[in-house]
Amino acid sequence: MKSSRQLSKIVNIFLHIIALVFTYFLLQGGSLIIQNLPNRHTQIQLEDYLDKSQLDALNKSLDARNLEAETLGFNQQSVRTELDGLKEVLAIQQQNYKEMLASRYVTEDSQSNNQVEQIRKRIEQGRVAITDATQKENQLEQSLLQNQQSRSQIQQEIRNLKQDARKIMREEQRSNTLKAFLIRLLFVLPLMAIAVFLFKRYRDSNYWPFVYGWGYFSLYAFFIELVPYFPSYGGYVRSIVGIAACFLIGRFLIHKLQDYLEKKREMEQRDEESRRSSLQNNERNLENSFEKIHKGICPSCDRKFASPDNKYCVYCGLCIKRECGSCNTLQMSFNQFCFECGEPHREEQGNEGSADKAVEHNRSASSSPPAPSSA
Ligand SMILES: [Zn+2]
Ligand SMILES: [Zn+2]
């Protein structure tokens, strides 16, 4: 709905704003509905899928094993220290024993026999103590090994428990996204359908701001509220939807282009006068025609006519410029009144010469039509 009249221009700007504001309020209402939809993407946590009591029991026994390992380690350390001490004492006693035996040979002191005997006994006791401590250390080593085994077993059980829970959680997540998607689809699809219907039928009506507002709204709903929720089963659904959307849009555009070319072809079949009257039969068409001519494009066949001085389109023979019937000033053939003398330009009256020329030109054009460059 374009118009160059000043008031229309201002109102048009406001109507565009109204379309956007209308979209805004639709979006607000829509987002409220979406927010209140059941099964919105609730945060799923792994903890919700774990067998709590089993996990607690496992954790508790793991803690006990850890504590036990700590105690065992501590005991082992003290046994080792004790063993080192015993070995040191034994070494000293053995040294003493050797020295005493050597001195006894020299002194032949019978009293030292008792001392030697005592030291020998102590050495014997020391050896027994070392054997005991070593045994103890070995036992502790064994217990630590067992403790480690049972700890890693418990850890494995905990891992298995979590893995099972994760599997269930993933399945739940997948079905949740699918549900969310289907619910959204149920809302967005009718919106899109209504938008397409309104656009097809009412986009040129006086109520176009509402048609456009609804269209923006449904596009937003589709791209922001639906597309991110496309379930991605290895990307298949997304790819299929993408392929289908591309195909449908492409087909729509191809049909549009064919319709357009068909319309132009059909128009080119008609004579200059009937084409001209359809190009200026209402204000909008007239203004479109002026606009195209200003850009150097023929309003009838949409091709660029060779030069701005052309009186006729070299492709379809539409008269673009002609002389005023009363003052002979050259001007745009779509002018409703002469810009020089103000005479109204009427088809029958104003273009005796030029209309004949146009018809004649058109006739010759249709007998040997120019090869349409865009067909
Ligand atoms: Zn043309
Ligand atoms: Zn004139």
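**Figure 1. Tetrahedral arrangement of the donors around the zinc ion (ligand 1) in the predicted model.** Because the 4 donor atoms subtend angles of 100 to 117 degrees around the zinc ion (ligand 1), their arrangement is tetrahedral. The protein donors are the SG atoms of Cys298, Cys301, Cys313 and Cys316, which lie 2.1 to 2.4 Å from the zinc ion.

**Figure 2. Placement along the chain of the donors of the zinc ion (ligand 1).** The donors follow the spacing C-x2-C-x11-C-x2-C. Cys301 and Cys316 both lie in the loop between helix H7 (283-294) and strand S1 (321-323), so this pair ties together parts that are 15 residues apart in sequence.

**Figure 3. Packing of helix H1 (residues 6-35) with helix H4 (residues 208-226).** The axes of H1 and H4 are 8 Å apart and meet at an angle of about 40 degrees. The two helices are therefore oblique to each other, and H1 passes H4 in a right-handed crossing.

**Figure 4. Residues in the contact of H1 with H4.** On the H1 side, the contact is made by Asn12, Leu15, His16, Ile18, Ala19, Leu20, Phe22, Thr23, Leu26, Leu27, Gly30 and Ile34. H4 contributes Trp208, Pro209, Phe210, Gly213, Trp214, Tyr216, Phe217, Tyr220 and Glu225.

Key: Residues numbered from 1 in each chain as written. Chains lettered and ligands numbered in written order. Predicted model: local features only at pLDDT ≥ 70, side-chain atom pairs only at ≥ 80, totals over all residues. Heavy atoms only, no water. Donors = N, O, S within 2.8 Å, 3.2 Å for Na, K, Ca; no water. Tetrahedral: all angles 85-135°; square planar, octahedral: opposite > 155°, others 65-115°. Helix = DSSP H or I, 4+ residues; strand = E, 2+ residues; numbered from the N terminus. Axes fitted to C-alpha atoms, helices over the stretch in contact; angles between N-to-C directions. Parallel < 35°, antiparallel > 145°, perpendicular 65-115°, else oblique. Left-handed = near helix turned anticlockwise from the far one by under 90°. Contact = heavy atoms within 4.5 Å.
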